[in-house]
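Open the model in a viewer and keep the selection tool at hand. The stops below go from the whole chain down to single residues.

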Amino acid sequence: MFKELTEIFEKPQPYMHANSTELWNNPHISTQMLGFHLDPNNDAASRKKKFLDKSIDWISGKINLNPKSTILDLGCGPGLYANEYAKRGAKVAGIDVSTNSIAYANKKAKEDKLDIEYINDNYVTRDFRKKYDLITIIHCDYCVLNPDERRVLLEKIAKALEEDGLFIFDVHSDDHFENVREKRSCHYSDSGGFWSPEAHFVFENIFKYSDERIILEKHTVIESMKKFTIHNYIKCFEIDEIKKELADNGFHAMEDYSDISGTAYKRHAKDIALVAKRMK
Ligand SMILES: C[S@@+](CC[C@H](N)C(=O)[O-])C[C@H]1O[C@@H](n2cnc3c(N)ncnc32)[C@H](O)[C@@H]1O
């Protein structure tokens, strides 16, 4: 018991046991996540509806969206962005690792009579095949990748962009990192909850790695017959650091903002949004 509890509260080396995609594919948790995506007043999985509408307008303006525009949304979730681009006439594809979200996205596209290519796969390993005028990763999903995955993904995005194509994405800033507090807690639920449909314990550990500016959200769930742990690492960036990462991988960061709806960049904003192009 002591050994098991020690393991539960142990701080691992950065990226050890990383398995954040579990959040999106565990049958119970991914259903909860889909509920968050579709709640217009909840920011946890997709941004709130008001922000989302502003963000879609701003992104569409960046490429002068028209019927010839081609867009790839990485980590598209249930298609809240992709469906809107398609309604405005663009040819859209979305990739997401969550089977639940892609099933919803396809159902919604069919209902709305939209021709969207939704792909249920991991965008780090998937071959993109086609070329696009715009590729996006929205809601700071870039931050959950480890350095090798980020390098591989940037290489694939560079190859999949048309000559003047844009890569638009957002990341958490160093200020976000500073504002997160380390935490150790345990909670018991006698019915179901976010982490499990049955009686369970959840051990929540929030660890910070100051040198690398990484946050780890480590959740260990213990049910009567099963125990599992989700390690979700979140890398936060200084603005020069993310611009250098782009430059090292063949991108030029043309514009920076405080969020993905085009708010002007401010030093202490919690997120950074970037508009980048492939270097010529
Ligand atoms: C925070 S949500 C954002 C969803 C969407 N971009 C939005 O703003 O509405 C992150 C999404 O990325 C997906 N995702 C995470 N890692 C992924 C990966 N390696 N490959 C494909 N999808 C991934 C998740 O399933 C989830 O739908």
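This is a predicted model: local features need pLDDT of at least 70, side-chain atom pairs count only at pLDDT 80 or more; totals for chains, interfaces and linings use all residues.

Domain 1 puts 11 residues into the contact and domain 2 puts in 9. On the domain 1 side, select α2 (22–25), α8 (174–179) and β9 (227–237), the elements that each supply two or more residues. Of these, β9 has the largest share, with 3 residues. Colouring this side by residue class gives 5 nonpolar, 6 polar and no charged residues.

**The cores**

Now select A82, Y85, V92, I135, F167, F169 and V171. These have the most contacts inside the largest nonpolar core, which has 58 residues. Strand β5 (residues 161–173) contributes the largest share of this core, 6 residues. Both domain 1 and domain 2 supply at least three residues to this core.

Apart from this core lies another, of 7 residues; select L34, A45, V221 and I222, which are among them.

Return to A82 and display its neighbours. Leaving out residues up to four places away in sequence, A82 touches D73, C76, V92, G94, A105 and I116.

**The ligand**

Finish at the ligand. Which residues are closest to the ligand? Select W24, S46, G75, G77 and V97, the closest of the 19 residues that surround the ligand. By class, the shell holds 9 nonpolar, 8 polar and 2 charged residues.

Technical notes: Residues are numbered from 1 along each chain as its sequence is written. A residue is near a molecule or strand if its C-beta atom, placed from the backbone, lies within 6 Å of it. Ala, Val, Leu, Ile, Met, Phe, Trp, Tyr, Cys and Pro count as nonpolar, Asp, Glu, Lys and Arg as charged, and the others, Gly among them, as polar. A nonpolar core is a set of buried Ala, Val, Leu, Ile, Met, Phe, Trp, Tyr and Cys residues joined through C-beta atoms within 7 Å. A residue is buried if 20 or more other C-beta atoms lie within 10 Å of its own, exposed if 12 or fewer, and partly exposed in between; C-beta atoms are placed from the backbone. Helices (H or I, at least four residues) and strands (E, at least two) are DSSP runs, numbered from the N terminus. Domain bounds come from an automatic or database domain assignment. Two residues are in contact if their C-beta atoms, placed from the backbone, lie within 7 Å.
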